[in-house]
Amino acid sequence: MITAELRIIIVFLVALFGALFVLPELAHIAKRIGLIDHPNRRKVHTSPQPLVGGIGIVIAATFSSLALVPITGLRGYFLGLSLLLLVGFLDDFKEVGHKQKFLAQIGATMLLIFFSAVSLRTFGDLLGIGNLDIPGGEIVIWCVTVFCIVGVINSINLIDGLDGLAGGVSFIAFFFFALHASFSGDVPLMLLNFALAGAVLGFLKYNWYPSVLFMGDAGSLCLGFSLGFMALALTQGSAAAMPPVAALLILAVPITDTLLIMSKRIINGSNPFLPDKFHLHHIFMRLGLSKLWTVKAILGLSFFMGALSLLFPLYFIPEYYLFAAFCLYFIICTVASFFIPRLLRYSRRFKKKKPKHGEIQYSQSANG
């Protein structure tokens, strides 16, 4: 009989080695059919990269899950995942419009709600006054659930800007979701998280700087959808494994980055869905960090915020204290996002205008 610990190891390793095996084969196919991401002026990579990481992650994680994870109640998750994988592949190959991608994300979430019976019904005790439940009937609950899942999906899509960044953030999130599931005894979700974590770790072998392949939209859409599903499945219902604020902390880095980016674009009067270079990783790079150290710094932040979520099951820290920690992180990121780029621009202008020492002496001698 396989023990729980051995099953965790097997699920993780099957997904890990599955990704390590399938990704190079998919990369060869991608080069033949033109499934390639070419560099341009808004991207930081300088050579064409195969866009097969997401396909390989889903194949490896699904194979491990079907073989070793009890998938009862996960039909909606796998249906939604399949839809997003298809749409993401089409977008990577031929480009799909924003509206079509949003419709696919909404459709995948509705499949998740209907077939897996998960939805966002409460935000938990964020303010110390009791649970903040979603008011209204099922229609309101469905709308709020769709909005939040689509938000998480796009947060992973938007943070996918440097080698290893989106994959690393996702790996850390799956790891902490798995820990919370293990604390509550939710074996199926614990194993599914470890399967996803193993597949992502296999992908990071090829995506860590300097990368040889990218996850593409197929990867970011599927990872975001998977993380959104975990946030719902582990925080809602009478048998919830953790409070909603714990999921908010685990996903704090991508969610905060997305909220700030969207807010800044709206304030500046630009399209909130057009790409730019004002993400958290761009700010770190403007401060002088290399691409690799920028990724390491952001992953360190993600791990720290995820570790804070463990304060609830380990030390029974009240939910509103954890929410205060998220708010503090959000405020710090807001200040950094809005003021550091301005300070850097001002300092560059000041250095350009400042005359050299020799020029000052010449001016003084001329006036003398």
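# Reading burial, helices and voids

Me: Which word applies to Val58, buried or exposed?

Reply: Val58 counts as buried because its relative accessibility is 11%; buried means under 20% relative accessible area, exposed over 50%, partly exposed in between (1.4 Å probe, protein chains only). The model is predicted, so local features need pLDDT of at least 70 and side-chain atom pairs pLDDT 80 or more, while totals for chains, interfaces and linings use all residues. Residues are numbered from 1 along each chain as its sequence is written, and side-chain values use heavy atoms, with hydrogens and water left out.

Me: Where is Val58 found, and what does Val58 touch?

Reply: Val58 is found in helix α2 (helices, H or I of at least four residues, and strands, E of at least two, are DSSP runs numbered from the N terminus). With residues up to four places away in sequence set aside, Val58 touches Leu81, Leu85 and Cys222; contact means heavy atoms within 4.5 Å. Val58 and Leu81 are 23 residues apart along the chain, and their C-alpha atoms are separated by 8.4 Å.

Me: What does a buried glycine look like in this model, taking Gly202 as the case?

Reply: Gly202 has a relative accessible area of 0% and is therefore buried. Gly202 lies in helix α7, where its contacts beyond four places in sequence are Leu16, Ala19, Leu20 and Leu23. From C-alpha to C-alpha, Gly202 and Leu20 are 5.1 Å apart in space, although 182 residues apart in sequence.

Me: How many helices and strands are in the chain, and what share of its residues is buried?

Reply: The chain has 15 helices and 2 strands. Of its 368 residues, 48% count as buried. Among contacts with a separation of 6 or more, residues 24 or more positions apart account for 73%.

Me: Why does the span of α6 agree with its number of residues?

Reply: The expected span of a helix is 1.5 Å times one less than its number of residues. Helix α6 (residues 165-184) has 20 residues and should therefore span 28 Å; its end C-alpha atoms are 29 Å apart, which agrees. As for cover, 14 of the 20 residues of α6 are buried. Just after α6, Gly185 takes a positive phi of about 80°.

Me: What are the span and the cover of α10?

Reply: α10 has 16 residues and reaches 22 Å between its first and last C-alpha, close to the 22 Å expected. α10 is mostly covered, with 12 of its 16 residues buried. The buried residues include Asp257, Lys264 and Arg265, along with Ile255, Leu260 and Met262. Just after α10, Gly269 takes a positive phi of about 75°.

Me: How many cavities are there, and what lines the largest cavity?

Reply: On a 1 Å grid over the protein atoms alone, a cavity is a set of points where a 1.4 Å probe fits but cannot get out; a pocket is an open set with protein on both sides within 12 Å along at least five of seven lines, and lining residues have an atom within 4 Å of a point. The structure holds 3 cavities of 30 Å³ or more. The largest cavity has a volume of about 80 Å³ (the space filled by probe spheres set on grid points joined across faces, edges and corners). Of its 13 lining residues, Asp257, Leu260, Leu280, Cys333 and Ser337 are the closest to its centre. Helices α10, α11 (280-286) and α14 each give two or more residues to this lining, and α10 has the largest share, 5 residues. By class, the lining of the largest cavity has 9 nonpolar, 3 polar and 1 charged residues. Ala, Val, Leu, Ile, Met, Phe, Trp, Tyr, Cys and Pro count as nonpolar, Asp, Glu, Lys and Arg as charged, and the others, Gly among them, as polar.

Me: Which residues are the closest to the centre of the second largest cavity?

Reply: The second largest cavity has a volume of about 60 Å³. Of the 13 residues that line it, Val58, Ala61, Tyr77, Leu81 and Leu196 are the closest to its centre. Two or more lining residues come from each of α2 (53-68), α3 (75-94), α7 (187-207) and α8. α2 gives the most to the lining of this cavity, with 5 residues. That lining comprises 10 nonpolar, 3 polar and no charged residues.

Me: What is the volume of the second largest pocket, and which elements line it?

Reply: The volume of the second largest pocket is about 840 Å³. Its lining has 29 residues, of which Phe147, Cys148, Gly151, Val152 and Ile255 are the closest to its centre. α5 (138-159), α8 (216-233), α9 (244-250), α10 (252-267) and α14 (319-353) each supply at least two lining residues, and α5 gives the most, with 8. The lining of the second largest pocket has 22 nonpolar, 7 polar and no charged residues.
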